[in-house]
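Subject: Structure for you, with notes on the disulfides

Dear colleague,

I am passing on the structure below, and would be glad if you could look it over before reading my notes. The notes that follow concern the disulfides.

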Amino acid sequence: MKTRTILLVALLFITKMAHAQNECACGDALDKLIKKIESEYPGFEEKTKDKILYESFKQELRKQANSAEKAKCFDILKKYTSFFRDGHIWINPATSVGPKSLASTDPVNFVNIDVAKFRDGLKKSPKPLEGIWKNKFEWTGGVGYEIGITKNSDGVQVGFVITSSSAFWKPNEIKFRLYPDGKFEFYGFDKTLKTGRYEIYNNSIIYFKEARAAFIKETPQSNLTATQIKRKVGEFYGFTMKKLTDKTMLITLPSFDYPFVDIIEDLVESNRSQLAQAENLIVDVRGNSGGTDNAYQMLLPYIMSNSIRTMGVEYLATQTLVNGLESYIKTVSDKKEKQGEINTVKRWISLFKQNMGKFVNVEGSSFAIQKVMPAEKGPSHVLVLTDHRVGSSAENFVMKAKQSKKVKVAGTVTSGGLDYAAARRFDFGCPEYLLQLPTFRSLRLPDYPIDNIGMQPDIYLDKSIKDWIQFALEYLEQ
């Protein structure tokens, strides 16, 4: 568990690469994308066993790309990545595409403001929403922003970029508009326009429901504590734990993504006494597309009746992987408490360099036993609710939960995206596109594939069952 966690943290440094290249012509972009996936995607050989089909597909796409207009290129690149039917392969434009996007060159989409004077003004006469905000709970792969909010002459609150982790968002560009009637205009990381209704909590948190984004006020400082902010953001995103009856508790976990680990841990910690008294527990992970296995560790003692047997993984040794690990070492090299970790990472780098283009099992074992000490008091029966959107680490949670003698899984088959994982952003040489690829494959393969198959529930819930929570409650309390 610790090995994989260190590697995942180190891989985050792959995403920090600077882009100095010019934009690519469509044919060139496709060629570079093909080269990157053929050399660095762990599932490439398995997904292209029919070489005639694959080569024919590539040839046809190249014809399209060589004659395509720039605006149509993304669709062609998307066709190529879709061929592999892997939810961990993901490509998106890094700049605006289509008519509903924000044009970064349009002066209407900029705020004419001196940021230094704006900061000074906040100290003198702060207004309820005026200030500096950050999206601290950004999803994996998302863009981090420091946003200023000011009111224009029409009474509209305008959120403008002060700083951004994306080179494609410039200072003073408008990120969102808040209208007095509760509606918003919000531009996604690719500058595609989203609309909907916003909620404001204590003038400290703004939640954009349809855009699934939350911003926290930094300056002037909120009067909410870090715990209060965390809990309210969790509530906005749908993380809940509540008592349904005297016997049954419900916990809803819509994501296991990295920003929500603390929220889930706090949810479990603050409800320990109720969990201890509950006879039954419903764990609703519908719609949970994954994130990190760390997110659900505190819940396992209430679910598992025994320890968990897990299969190991193999990383495809690539220069991208080595670069990420080397960058990680540089960031922690001056921390004495990290020296043991640094030595371990250096050993991995040596292994990868000696085996470039090959699969490497850094653990040396094909499986591991995760010891779980069941809680002294807790639910005797657990029902996990799944649907076709459950994937990645959420599927891994389901796979582990199935090993417990007191767990049943109800719902529909999961999405099937667990064979190739630990996805991170990769630079393939065309800065106008963002590419995400997995970095390892499971040692379950080829005997027990999950991709495009999914995990079957113990109890299938068909379309005639409208209220799954009510079904689960009746099942557990019959």
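A disulfide is here a pair of cysteine sulfur atoms within 2.5 Å. Please keep in mind that this is a predicted model, in which local features need pLDDT of at least 70 and side-chain atom pairs count only at pLDDT 80 or more, while totals for chains, interfaces and linings use all residues. Residues are numbered from 1 along each chain as its sequence is written, and side-chain values use heavy atoms, with hydrogens and water left out.

The structure contains two disulfides, and when the bonded cysteines are counted along the chain, their pattern is 1-4, 2-3.

One of them joins cysteine 24 to cysteine 430, with an S to S distance of 2.1 Å, and at -105° about the S-S bond this link is left-handed. Because cysteine 24 sits in the loop between helix H1 (2-11) and helix H2 (26-40), and cysteine 430 in the loop between strand E20 (424-426) and strand E21 (433-437), the pair ties together parts that are 406 residues apart in sequence. Helices (H or I, at least four residues) and strands (E, at least two) are DSSP runs, numbered from the N terminus. Cysteine 24 and cysteine 430 are both buried, meaning under 20% relative accessible area (1.4 Å probe, protein chains only).

The other disulfide is formed by cysteine 26 and cysteine 73, whose sulfur atoms are 2.3 Å apart; the torsion about their S-S bond is about 95°, so this disulfide is right-handed. It links distant parts of the chain, with cysteine 26 in helix H2 and cysteine 73 in helix H5 (residues 70-82), 47 residues apart. Cysteine 26 and cysteine 73 are likewise buried.

Definitions and conventions:
Buried means under 20% relative accessible area, exposed over 50%, partly exposed in between (1.4 Å probe, protein chains only).
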